Amino acid sequence: MNKLNILTYPDKFLNRPTQPLDNIDGKVQEMIDKMALAMYDAPGVGLAAIQVGWDKSLLIYDVSPRDESRSLNVLINPKIITKEGEIVSESEGCLSVPDFRADVKRYSSILVKGVDREGRPLELEADGMLAIVLQHEIDHLKGKLFIDHVSALKRQMYVRRIKKKLRS
Ligand code: ZN
(Lines give C-alpha, C1' and ligand atoms only; values in the text may rest on other atoms or scores of the structure.)
Protein backbone atom coordinates (compact mmCIF):
# COMPACT_ATOMS: atom_id res chain seq x y z
CA MET A 1 0.00 0.00 0.00
CA ASN A 2 1.60 3.26 -1.05
CA LYS A 3 1.68 5.95 1.59
CA LEU A 4 -0.47 9.03 1.40
CA ASN A 5 1.19 12.40 1.34
CA ILE A 6 -0.25 15.08 3.64
CA LEU A 7 -0.63 18.40 1.84
CA THR A 8 0.65 21.47 3.65
CA TYR A 9 -0.02 25.19 3.57
CA PRO A 10 0.06 27.10 1.20
CA ASP A 11 -1.18 24.30 -1.06
CA LYS A 12 -4.34 25.76 -2.62
CA PHE A 13 -6.04 22.37 -2.68
CA LEU A 14 -6.57 22.75 1.07
CA ASN A 15 -8.91 25.70 0.42
CA ARG A 16 -11.23 23.68 -1.75
CA PRO A 17 -14.69 22.91 -0.34
CA THR A 18 -15.38 19.18 -0.43
CA GLN A 19 -18.17 17.20 -2.09
CA PRO A 20 -20.54 14.88 -0.21
CA LEU A 21 -19.65 11.22 -0.46
CA ASP A 22 -22.62 9.14 -1.60
CA ASN A 23 -21.18 5.79 -2.52
CA ILE A 24 -19.15 4.24 0.31
CA ASP A 25 -17.53 1.43 -1.65
CA GLY A 26 -14.38 -0.65 -1.32
CA LYS A 27 -12.23 2.15 -2.69
CA VAL A 28 -13.45 4.42 0.09
CA GLN A 29 -12.61 1.76 2.69
CA GLU A 30 -9.13 1.49 1.22
CA MET A 31 -8.68 5.27 1.42
CA ILE A 32 -9.83 5.26 5.04
CA ASP A 33 -7.22 2.63 5.90
CA LYS A 34 -4.53 4.62 4.12
CA MET A 35 -5.60 7.80 5.87
CA ALA A 36 -5.46 6.03 9.24
CA LEU A 37 -1.88 4.94 8.53
CA ALA A 38 -0.92 8.51 7.63
CA MET A 39 -2.63 9.94 10.72
CA TYR A 40 -1.06 7.51 13.20
CA ASP A 41 2.28 7.83 11.48
CA ALA A 42 2.30 11.64 11.70
CA PRO A 43 1.14 11.33 14.55
CA GLY A 44 -2.10 13.24 14.69
CA VAL A 45 -5.54 12.96 16.30
CA GLY A 46 -7.54 13.81 13.20
CA LEU A 47 -7.25 13.92 9.42
CA ALA A 48 -9.61 15.16 6.72
CA ALA A 49 -9.68 13.67 3.22
CA ILE A 50 -8.82 17.05 1.66
CA GLN A 51 -5.48 16.93 3.49
CA VAL A 52 -4.45 13.93 1.44
CA GLY A 53 -5.67 15.40 -1.84
CA TRP A 54 -9.16 13.91 -1.87
CA ASP A 55 -11.94 16.51 -2.04
CA LYS A 56 -14.67 14.47 -0.36
CA SER A 57 -16.55 15.11 2.87
CA LEU A 58 -14.82 12.52 5.03
CA LEU A 59 -12.72 12.74 8.15
CA ILE A 60 -11.13 10.34 10.59
CA TYR A 61 -10.11 10.88 14.20
CA ASP A 62 -8.82 9.11 17.26
CA VAL A 63 -8.69 11.02 20.50
CA SER A 64 -7.89 8.00 22.69
CA PRO A 65 -4.86 8.68 24.89
CA ARG A 66 -1.54 7.58 23.50
CA ASP A 67 -0.28 4.12 24.46
CA GLU A 68 -3.83 2.97 24.93
CA SER A 69 -5.48 0.85 22.30
CA ARG A 70 -6.37 2.70 19.15
CA SER A 71 -9.94 3.48 18.33
CA LEU A 72 -10.37 4.81 14.82
CA ASN A 73 -13.51 6.79 14.09
CA VAL A 74 -14.78 7.70 10.65
CA LEU A 75 -17.24 10.47 9.97
CA ILE A 76 -18.68 10.99 6.49
CA ASN A 77 -20.71 14.01 5.32
CA PRO A 78 -20.66 15.56 8.81
CA LYS A 79 -22.82 18.56 9.66
CA ILE A 80 -22.75 20.54 12.87
CA ILE A 81 -26.39 20.75 13.98
CA THR A 82 -26.04 22.70 17.21
CA LYS A 83 -23.14 24.48 18.86
CA GLU A 84 -22.88 26.16 22.22
CA GLY A 85 -20.52 27.50 24.81
CA GLU A 86 -16.95 28.58 24.31
CA ILE A 87 -13.62 26.91 24.94
CA VAL A 88 -10.06 27.95 24.18
CA SER A 89 -8.25 25.23 22.33
CA GLU A 90 -4.76 25.68 23.70
CA SER A 91 -1.86 25.58 21.25
CA GLU A 92 -3.90 23.90 18.56
CA GLY A 93 -1.91 22.49 15.68
CA CYS A 94 -2.51 20.94 12.27
CA LEU A 95 -0.63 18.38 10.19
CA SER A 96 -1.15 20.68 7.20
CA VAL A 97 0.26 23.71 9.00
CA PRO A 98 3.61 22.43 10.27
CA ASP A 99 5.60 24.20 12.97
CA PHE A 100 2.80 26.45 14.07
CA ARG A 101 0.59 26.38 17.13
CA ALA A 102 -1.93 28.88 18.41
CA ASP A 103 -4.81 29.21 20.83
CA VAL A 104 -8.11 29.03 18.99
CA LYS A 105 -11.60 29.84 20.26
CA ARG A 106 -14.01 26.97 19.67
CA TYR A 107 -17.51 25.98 20.70
CA SER A 108 -17.33 23.90 23.86
CA SER A 109 -20.04 21.47 22.84
CA ILE A 110 -21.53 20.51 19.50
CA LEU A 111 -23.99 18.08 18.02
CA VAL A 112 -22.84 16.52 14.76
CA LYS A 113 -24.77 14.40 12.30
CA GLY A 114 -23.28 12.30 9.54
CA VAL A 115 -22.76 8.68 8.58
CA ASP A 116 -20.14 6.15 9.64
CA ARG A 117 -17.91 4.06 7.37
CA GLU A 118 -20.71 1.54 6.86
CA GLY A 119 -23.05 4.31 5.77
CA ARG A 120 -25.12 4.15 8.95
CA PRO A 121 -26.55 7.44 10.24
CA LEU A 122 -24.56 8.81 13.12
CA GLU A 123 -25.34 11.43 15.72
CA LEU A 124 -22.54 12.61 17.94
CA GLU A 125 -22.64 14.78 21.02
CA ALA A 126 -19.16 16.10 21.64
CA ASP A 127 -17.50 18.38 24.13
CA GLY A 128 -13.97 19.20 25.24
CA MET A 129 -11.15 17.70 23.18
CA LEU A 130 -13.48 15.78 20.87
CA ALA A 131 -15.53 18.89 20.11
CA ILE A 132 -12.32 20.75 19.25
CA VAL A 133 -11.00 18.02 16.96
CA LEU A 134 -14.32 17.69 15.14
CA GLN A 135 -14.64 21.45 14.58
CA HIS A 136 -11.06 21.54 13.29
CA GLU A 137 -11.63 18.66 10.85
CA ILE A 138 -15.05 19.88 9.70
CA ASP A 139 -13.41 23.24 8.95
CA HIS A 140 -11.01 21.36 6.64
CA LEU A 141 -13.99 19.96 4.75
CA LYS A 142 -15.09 23.55 4.08
CA GLY A 143 -11.65 24.51 2.83
CA LYS A 144 -10.82 26.31 6.03
CA LEU A 145 -7.61 26.06 8.04
CA PHE A 146 -7.20 26.73 11.74
CA ILE A 147 -4.93 29.67 10.98
CA ASP A 148 -8.06 31.39 9.61
CA HIS A 149 -9.18 31.56 13.24
CA VAL A 150 -6.07 33.26 14.62
CA SER A 151 -5.31 36.98 14.58
CA ALA A 152 -4.18 38.50 11.29
CA LEU A 153 -0.87 39.43 12.88
CA LYS A 154 -0.10 35.89 14.00
CA ARG A 155 -1.13 34.53 10.64
CA GLN A 156 1.08 36.98 8.77
CA MET A 157 4.04 36.01 10.91
CA TYR A 158 3.51 32.39 9.95
CA VAL A 159 2.97 33.19 6.26
CA ARG A 160 6.20 35.17 6.19
CA ARG A 161 8.06 32.31 7.85
CA ILE A 162 6.72 29.80 5.31
CA LYS A 163 7.53 32.04 2.33
CA LYS A 164 11.06 32.43 3.56
CA LYS A 165 11.38 28.67 3.93
CA LEU A 166 10.00 28.06 0.43
CA ARG A 167 12.52 30.51 -1.04
CA SER A 168 15.53 28.96 0.65
ZN1 ZN B 1 -5.81 20.22 10.44
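**Entry 1: pocket linings**

I began with the lining of the largest pocket, to which β4, β5 (97–106) and α2 each contribute at least two residues. I note that the model is predicted. The volume of this largest pocket comes to about 490 Å³. I listed the 24 residues that line the largest pocket and found Val-45, Glu-92, Gly-93, Cys-94 and Arg-101 closest to its centre. By residue class, I have ten nonpolar, eight polar and six charged residues in the lining of the largest pocket.

I then went to the second largest pocket, with a volume of about 270 Å³. Of its 13 lining residues, those closest to the centre are Tyr-40, Gly-44, Asp-62, Ser-64 and Arg-66. The lining of the second largest pocket divides into six nonpolar, two polar and five charged residues.

**Entry 2: zinc site**

Which protein atoms are the donors of the zinc ion? I find SG of Cys-94, NE2 of His-136 and NE2 of His-140, at 2.0 to 2.2 Å from the zinc ion. The spacing of these donor residues in sequence reads C-x41-H-x3-H. Cys-94 sits in strand β4 (residues 87–94) and His-136 in helix α2 (residues 128–141), so this pair ties together parts that are 42 residues apart in sequence.

**Entry 3: cis peptide bonds**

I looked up the cis peptide bonds next. One joins Tyr-9 and Pro-10, with omega at about 5°. Pro-10 belongs to the segment before α1 (26–41). Another joins Ala-42 and Pro-43, where omega is about -10°. I place Pro-43 in the loop between α1 and β1 (46–48).

**Entry 4: positive phi**

Where does Ser-91 lie? I find Ser-91 in strand β4, and its phi is positive, about 35°, although Ser-91 is not a glycine. Ser-91 has a relative accessible area of 36% and is therefore partly exposed.

Asp-99, also not a glycine, has a positive phi of about 60°. Asp-99 is in strand β5.

**Entry 5: the chain as a whole**

How many helices and strands does the protein chain have? I count three helices and seven strands in its secondary structure. Along the sequence I read the pattern α-β-β-β-β-β-β-β-α-α.

For overall dimensions, I took the C-alpha trace of the protein chain, which spans about 45 × 40 × 35 Å along its principal axes. The radius of gyration of the protein chain is 16 Å; a compact globule with 168 residues would have one near 15 Å, so the two agree.

I then looked at burial over the chain and found that 43% of the 168 residues are buried. Last, I took the contacts between residues at least 6 apart in sequence: 64% of them join residues at least 24 apart.

Key:
Residues are numbered from 1 along each chain as its sequence is written. This is a predicted model: local features need pLDDT of at least 70, side-chain atom pairs count only at pLDDT 80 or more; totals for chains, interfaces and linings use all residues. Side-chain values use heavy atoms; hydrogens and water are left out. Donors are N, O and S atoms within 2.8 Å of the metal (3.2 Å for Na, K and Ca); water is not among the atoms, so sites may look incomplete. Helices (H or I, at least four residues) and strands (E, at least two) are DSSP runs, numbered from the N terminus. On a 1 Å grid over the protein atoms alone, a cavity is a set of points where a 1.4 Å probe fits but cannot get out, and a pocket is an open set with protein on both sides within 12 Å along at least five of seven lines; lining residues have an atom within 4 Å of a point. Grid points are joined across faces, edges and corners, and a volume is the space filled by probe spheres set on the points. Ala, Val, Leu, Ile, Met, Phe, Trp, Tyr, Cys and Pro count as nonpolar, Asp, Glu, Lys and Arg as charged, and the others, Gly among them, as polar. Buried means under 20% relative accessible area, exposed over 50%, partly exposed in between (1.4 Å probe, protein chains only). The radius of gyration is taken over C-alpha atoms; the globule rule is 2.2 Å times the number of residues to the power 0.38. Contact means heavy atoms within 4.5 Å.
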